[in-house]
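Here is a short report for a first look at this structure. Keep the sequence and the 3D view at hand while reading.

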Amino acid sequence: MKTRAAVMFETGQPFEIVELDLDDPGPGEVLIKYTAAGLCHSDLHLSDGDFMPRFPIVGGHEGAGIIEAVGTGVTKVKPGDHVVCSFIPSCGTCRYCSTGRQNLCDMGATILEGHMPDGTYRFHSGGQDFGAFCMLGTFAERSVISEHSVVKVDDWLPLDKAVLVGCGVPSGWGTATYAGNVRQGDTTVIYGVGGLGINTVQGAANSGARHVVVVDPIEFKRDEAMKFGATHAFATAAEAHAEVEKLTWGQMADQALILVGSLEEQVVSDAFDIIGKGGTVVITGMGNMVDKTVQVNGTMMALFQKTIKGSLFGSANPQYDIVKLLRLYDEGKLKLDELVTTTYTLETLNQGYEDLRDGKNLRGVLIHDA
């Protein structure tokens, strides 16, 4: 089978639209026709050299679509099923899945390599193997992926909105509700309100935080955050620090949640300083995989019993939380429609990422041709 796909051939280069050969699904694999893909900042980490994948690689790790065929042994889904893909596969049997930490599944170790769990590839051209980012490659019209990477969803849900629950929504929501453990009456500070951070706002507000304070240099994003549940919005960390001190009578924040597009040392220091005794800093945003970005005073950390922790996928469990969040959306308790600022095609994908860099979108979504 032939399929068109947006491929990145090396660091610093834009996506190129090429036609690739796609294998039939093997044992435990499914053929998916993608209907929509999210434009997430993580794909920019490939371009910027923060992540070092095996090139060439088909981009995209947020995807939703319809199953067209299944390989032998597949029992999870059948042709015709509507699914949302999880960028973290979950096998269900490894040490982490079996202890309720699906987001840490051992199968996720190869997502930058782009090959299937057996070490082979499904995209090819001219005798060359092409990887699929996060074992998905959602910037292709069709792909063959592991059944462990899909979650069956209700077929009445609009897939162009449901696609966002494959990464950005649970990563943000879970950063507040799971990793941050936001509770009624808390003061929560969120650094960065892009595709993940805006959903952290939703999660914190849903958990009952009294004050949801956002920090972002872009006015458009600060304004949007107020529509999603933020109570205060500031352009700088210094402004936020001064206001939190007033709001809490000097007790400072309970959580500082970092969702910036490119993690740097300064934002970690700002977050550490804004939390009070027993407070927690959660780092979900990512940067260069080599740079050391956590430099804080260990004595103050001990004296004030502060915690700094990382979170992948918002510490959520894909097979459970993707369905849960879509049920909340279906009941009008989670905003997804309002997240989508602009839609794109394969041909305008690079423009979509320029818009992301320029801070013009909360979320951009690629719509594949019918």
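Of the 370 residues in the chain, 58% are buried. The model is a predicted one. The accessible surface of the chain comes to about 14,800 Å². Carbon and sulfur atoms hold 49% of that surface.

How does the radius of gyration of the chain, 20 Å, fit a compact globule? It agrees, because a compact globule with 370 residues would have a radius of gyration near 21 Å. The C-alpha trace spans about 65 × 40 × 35 Å along its principal axes. Now take the contacts with a separation of 6 or more: 71% of them link residues 24 or more positions apart.

**Strands and barrel**

The chain has ten helices and 18 strands. Five strands form a closed barrel, in the order 1-2-7-8-4. The pairing in this barrel is mixed. Strands of a sheet pair through backbone hydrogen bonds, and they may do so parallel or antiparallel. Strand 1 (residues 2-8) and strand 2 (residues 16-22) run antiparallel. Six bridges join strand 1 to strand 2.

**Helix 4**

Is helix 4 (residues 197-206) largely enclosed or open? It is largely enclosed by the rest of the structure, because eight of its ten residues are buried. The buried residues are Gly197, Ile198, Asn199, Thr200, Val201, Gln202, Gly203 and Ala204. Just after helix 4 comes Gly208, with a positive phi of about 95°.

**Cysteines**

How many disulfides does the structure hold? It holds zero.

| Cysteine | Closest cysteine sulfur | Distance |
|---|---|---|
| Cys91 | Cys105 | 3.7 Å |
| Cys97 | Cys105 | 3.7 Å |

A disulfide needs the two sulfur atoms within 2.5 Å. For Cys97 the closest cysteine sulfur is also in Cys105, and at 3.7 Å it too is too far for a bond. Cys97 counts as buried because its relative accessibility is 9%, and the cut-off for buried is under 20%.

Note on methods: Residues are numbered from 1 along each chain as its sequence is written. This is a predicted model: local features need pLDDT of at least 70, side-chain atom pairs count only at pLDDT 80 or more; totals for chains, interfaces and linings use all residues. Side-chain values use heavy atoms; hydrogens and water are left out. Buried means under 20% relative accessible area, exposed over 50%, partly exposed in between (1.4 Å probe, protein chains only). Two strands pair if DSSP finds at least two bridges between them. Helices (H or I, at least four residues) and strands (E, at least two) are DSSP runs, numbered from the N terminus. The radius of gyration is taken over C-alpha atoms; the globule rule is 2.2 Å times the number of residues to the power 0.38. Contact means heavy atoms within 4.5 Å. Accessible areas come from the Shrake-Rupley method with a 1.4 Å probe; for residues, only the protein chains shown count as cover.
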